[in-house]
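Here is a short tour of a two-chain model. Have the structure open as you read.

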Number of protein chains: 2
Amino acid sequence: MTHQALGAGVERGGSVGLVETRSVRLFTEERPFVLASGETLGPLDVAYETYGTLAPDASNAFVVCHALTGDAHAAGHHGDPEHVGWWDTMIGPGKPVDTNRLFVVSSNLLGGCKGTTGPSSPDPRSDRPYGLRFPLTTMSDLVEVQRALLRHLGVRRLQGAIGGSLGGMQVLQWELDHPGEIDDAVLVCASARLTAQNIALSAVARASIMKDEHWAGGDYYGSGSRPDVGLSVARMLAHITYVSEEALQTKFGREQRGDGRPTFGIDFEVESYLEHQGQKFLERFDANTYLYLSRVMDYFDPFADEAAAIRRLLDSRTRWLLVSFDSDWRFPTSHSTQIARVLRAAGRDVTHREISSPWGHDSFLLPVAEYLDLVDDFLGGR
Amino acid sequence: MTHQALGAGVERGGSVGLVETRSVRLFTEERPFVLASGETLGPLDVAYETYGTLAPDASNAFVVCHALTGDAHAAGHHGDPEHVGWWDTMIGPGKPVDTNRLFVVSSNLLGGCKGTTGPSSPDPRSDRPYGLRFPLTTMSDLVEVQRALLRHLGVRRLQGAIGGSLGGMQVLQWELDHPGEIDDAVLVCASARLTAQNIALSAVARASIMKDEHWAGGDYYGSGSRPDVGLSVARMLAHITYVSEEALQTKFGREQRGDGRPTFGIDFEVESYLEHQGQKFLERFDANTYLYLSRVMDYFDPFADEAAAIRRLLDSRTRWLLVSFDSDWRFPTSHSTQIARVLRAAGRDVTHREISSPWGHDSFLLPVAEYLDLVDDFLGGR
């Protein structure tokens, strides 16, 4: 049956092939990272991958920003060509983010759980994992850590940056904090301001985790017990919001697994699918990281002072491509429209396109031909 | 602050005043209720309320069917006039379901937790609560228990029946099982077939309950421990789907409670609201009842054999009013449209009206003037 990702389309371009996730210590306890809040954090390690070759003048760097549950492994494979990175449709030789000409950097976010320092990392003050003693972060903090990585790699400007959902929010924050540092910015189903419903959905996911007694105030590491129930339920809920009603209906409808007699087991195919998504997630994600990164999204509101935001962008030369999907009900097109409006008010060159795709918010990860062509044209047109 | 129900409008009519919930044993262990599955259940007690006076010829009986988390206490109060039943806007002297002329019967559903036999009731085979040994039920079972109550009250035909959401589904099943037994049928934001997304949302709610280790396979009664975490998270999630995005945005937006510095507490007003909804629910509802009644909804598919359904209704004289709300995304208007289409194919007299209301699925419980007028006109017009 049907545990594959939803979606379909045409693959294009080649693969970056075998890649590895590397790690670098960008800050130490003695020379820590200073967060926007003024708090400090060190040591700070960042896990990252690169695809393509940096030009001698470092002019071809391109950043990929991951979404809530992403990681550094965006493209290529780690040994098994059947298991590729989460944005392999987007990144590779001949693909929209073309590694034949770009040097692509993808890193795990600050607060993450796939190699970058986060709540599961050891706190040097105690040598125990941080848990909730890890500092609360902001979108700017996520950006600054990526900028520090780029400095380490010898990069000071970006030919481009791309991100979907939380990834796109980082690109927008990047521009506001460092206007013009990115030449071409691509935001896919992003938002500059979560609605009450968006926050509510995040709040339920967090409540599910934090009310799980195995969460233990965030200090579950090494206890042999984790908030797996809370995290899996959070993922099941989130997953419903990542796909459209139409996609679920087309793929599963009311298809049943049993003999038609009701039970409290997995009677419907859609139940099996969700259960699988929830369980699979436990193998790769940390509950506290879910809390930290979802909270960053809740608070992200870069246009709260719209006039100030516009003033900051007046002298930027960044070109913008905004993509939304008509079936995305987590961050619908109206969110991208709002971003486009403010960017245009600052005189920026903005293309905003709504793509028709039945797959909802998840479309940004899927091989939707019109979408990939659009990004390809935009990035290739420079 | 803002823990009141969403919604606003104009109250009309009077109150039925002080009422009491009564209980009757309709079936015994020796003469049990026979479910559609062939299983038997006894004793079976039903909790119910009545409003108004039964005419000597028993011609003025009217049934109110409750939704997933409702109970028998639909109108009036139990001593404190400030705390009225869940459909007091609809039922009372001079209200759409007019107790000046109707004898209104409202009962707690089979499998419920507010007085009618359900999973929390003692199983005579063991004298311990049933838990998951309570039989799985169908929509027809819920209807037959209500019909048995009416027989007990001396009623054989209904001047009318009304229900919202799961309540409307019961009215529809009633007509299919006993065509023409109801003169006037009112279905409010009902559905004849849950979508994959509907089932998915129910599945996550159930998973939240059943994965809570305090659920204990359903045998938590008397243990001093209950699946409160699972049930409260289920309620928080469900609540998001009962209100529209617009209603949440209007009422809460991004309003914050704290000083703007992120925490993992209740930072946003919408978080406070959801938390309150989740906790309040624990005082009045049983987790196993949530499982049983939500499963009945998943399986409800009375038009699976559409031709057979139409044939059954050809000789019915029941008049239909279907109401949906434009902001309801749990059971949107398309669900009512489908019901209307099949009823009309059987030659039935059907009025379907979509009411504009910002309050989503919950609108059916709220004093939306156009909606109450519509029901009033329909029921008063006979």
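## A sheet in chain A

Let's start with one residue pair: A:Val323 sits opposite A:Arg353 of S12(A). Keep in mind that this is a predicted model. Strand S11 (residues 319-325) of chain A and S12(A) run in the parallel sense, paired over seven bridges.

Zoom out, and you'll see an open sheet of eight strands in chain A, ordered S1-S4-S8-S5-S9-S10-S11-S12, with mixed pairing. Its edges are strand S1 (22-27) and strand S12 (349-355) of chain A, each of which pairs on one side only. On average, neighbouring strands of this sheet are turned by 20 degrees against each other, ignoring direction. Packed on the sheet is helix H1 (residues 139-152) of chain A, which touches S1, strand S4 (44-51), strand S5 (61-65) and strand S8 (103-107) of chain A. The direction of H1 makes about 105 degrees with that of S1(A).

## How the two copies are related

What does it take to superpose chain B on chain A? A rotation of 180 degrees with 0.0 Å of shift along its axis does it, with an RMSD of 0.0 Å. The two copies are thus related as by a two-fold rotation axis. Both copies use the same surface, too: 100% of the contact residues of chain B recur in chain A.

## Where the chains meet

Now for the contact itself: 37 residues of chain B are in contact with 37 residues of chain A. On the side of chain B that touches chain A, at least two residues each come from helix H3 (196-210), helix H4 (228-242), helix H5 (245-251), helix H6 (269-282) and helix H7 (287-299) of chain B. H3(B) gives the most to that side, with ten residues. Sorted by type, the residues on this side of chain B are 24 nonpolar, five polar and eight charged.

## One helix pair up close

Take helix H6 (residues 269-282) of chain A and H3(B): they pack at an angle of about 50 degrees, and their axes are 9 Å apart. H6(A) and H3(B) are therefore oblique to each other, and H6(A) passes H3(B) in a right-handed crossing.

Which residues make this contact? From H6(A) come A:Val270, A:Glu271 and A:Leu274, while H3(B) brings B:Ala196, B:Ile199, B:Ala200, B:Ala203 and B:Val204. That makes seven nonpolar residues, no polar ones and one charged in the contact of H6(A) with H3(B).

Technical notes
Residues are numbered from 1 along each chain as its sequence is written. Chains are lettered from A and ligands numbered from 1 in the order in which they are written. This is a predicted model: local features need pLDDT of at least 70, side-chain atom pairs count only at pLDDT 80 or more; totals for chains, interfaces and linings use all residues. Two residues are in contact if their C-beta atoms, placed from the backbone, lie within 7 Å. Helices (H or I, at least four residues) and strands (E, at least two) are DSSP runs, numbered from the N terminus. Ala, Val, Leu, Ile, Met, Phe, Trp, Tyr, Cys and Pro count as nonpolar, Asp, Glu, Lys and Arg as charged, and the others, Gly among them, as polar. Two strands pair if DSSP finds at least two bridges between them. Axes are lines fitted to C-alpha atoms, for helices over the stretch in contact, and angles run from 0 to 180 degrees between N-to-C directions. Copies are superposed by least squares on the C-alpha atoms of residues with pLDDT of at least 70 in both. Angles under 35 degrees count as roughly parallel, over 145 as roughly antiparallel, 65 to 115 as roughly perpendicular and the rest as oblique. A crossing is left-handed if the near helix is turned anticlockwise from the far one by less than a right angle, and right-handed if clockwise.
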